[in-house]
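Below are my notes on the model, as numbered points. Please read them with the coordinates open.

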Amino acid sequence: MGDWQQGLFGCFGNIGMCLMSWFVPCYIHGKNAEAVGEDCLLCGLSIFVPFLNWYTLFVVRGKIREQRGIAGEPVNDILVTLCCTPCALSQESVEMRNSTGLGMGQSMARV
């Protein structure tokens with residue numbers, strides 16, 4: 001079993017991702033969900049629905065852990081998503097961006 005590429009409070013290493021996780025969590029959560037095969041729009045919108053938001057955050061974090069072979073327990077996922085949501089989103093985003101090569105902040109070139 002592996003470990004997260006970035007610690008929970010390592011989000012300050014990428015200030016852009018940290019700010020996105022704090023101010024636009026629906027976007028980050030949607031992109032994280034999309035990376036594990038969930039619906040981007042529905043998961044992004046779930047951030048605005050109390051209790052559903054925690055459930056989808058928990059499910060997506062668990063899927064990321066399973067796909068990447070990261071050690072952890074569901075109880076830890078629940079605690080992290082409830083207590084440190086922006087940091088968890090940033091950690092998950094960095095993990096998926098680094099593993100899939102699909103950077104969240106890719107720019108499009110003009111042709």
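Contact, as used in these notes, means heavy atoms within 4.5 Å.

The model is a predicted one, in which local features need pLDDT of at least 70 and side-chain atom pairs count only at pLDDT 80 or more, while totals for chains, interfaces and linings use all residues. Residues are numbered from 1 along each chain as its sequence is written, and side-chain values use heavy atoms, with hydrogens and water left out.

1. Contacts of Ala 33. Apart from neighbours within four places in sequence, Ala 33 is in contact with Glu 38, Asp 39, Cys 43 and Val 60. Ala 33, Cys 43 and Val 60 also belong to the largest nonpolar core, which has eight residues in all. A nonpolar core is here a set of buried Ala, Val, Leu, Ile, Met, Phe, Trp, Tyr and Cys residues joined through side-chain atoms within 4.5 Å. Buried stands for under 20% relative accessible area, exposed for over 50%, and partly exposed for values in between (1.4 Å probe, protein chains only).

2. Second core. A separate core of six residues is also present, including Met 17, Ile 47, Leu 57 and Leu 89.

3. Segment before H1. Helices (H or I, at least four residues) and strands (E, at least two) are DSSP runs, numbered from the N terminus. Gln 5 and Gln 6 both lie in the segment before H1. Not counting residues up to four places away in sequence, Gln 6 touches Cys 11, Ser 90, Gln 91 and Val 94. With the same exclusion, Gln 5 touches Arg 68, Val 94, Glu 95 and Asn 98. Gln 5 and Met 96 are 91 residues apart in sequence, with 9.7 Å between their C-alpha atoms.

4. Side chains of opposite charge can pair when their charged atoms come close. The criterion used is a side-chain nitrogen of Lys or Arg within 4 Å of a carboxyl oxygen of Asp or Glu. The structure holds six such salt bridges. One of them joins Glu 34 and Lys 31 at 3.1 Å, N to O. Glu 34 and Lys 31 are about one helical turn apart, because three residues separate them in helix H2. Glu 34 is partly exposed at 42% relative accessibility, and Lys 31 is partly exposed at 26%.

5. Salt bridges, between helices. Arg 61 pairs with Asp 77, the closest N and O atoms being 3.5 Å apart. This pair links distant parts of the chain, with Arg 61 in helix H4 (residues 52-68) and Asp 77 in helix H5 (residues 74-83), 16 residues apart. Arg 61 and Asp 77 are both buried. The side chains of Arg 65 and Asp 77 form another salt bridge, at 2.9 Å from N to O. Here too distant parts of the chain are linked, Arg 65 in H4 and Asp 77 in H5 being 12 residues apart. Arg 65 counts as buried because its relative accessible area is 10%; for Asp 77 the value is 4%. Arg 61, Arg 65, Asp 77 and Glu 92 are linked in a network of salt bridges.

6. Phe 51. Which backbone angle of Phe 51 is positive, although the residue is not a glycine? It is phi, at about 75°. Phe 51 lies in the loop between helix H3 (40-46) and H4, and is exposed, with a relative accessible area of 64%.

7. Aromatic pair. Rings of Phe, Tyr and Trp (its six-membered ring) pair if their centres lie within 6.5 Å; planes under 30 degrees apart count as stacked, over 60 as edge-to-face and the rest as tilted. A search of the whole structure finds one aromatic pair. Phe 51 and Trp 54 form this pair, edge-to-face, with 5.7 Å centre to centre and 80° between the planes. Trp 54 is partly exposed, at 36% relative accessibility.
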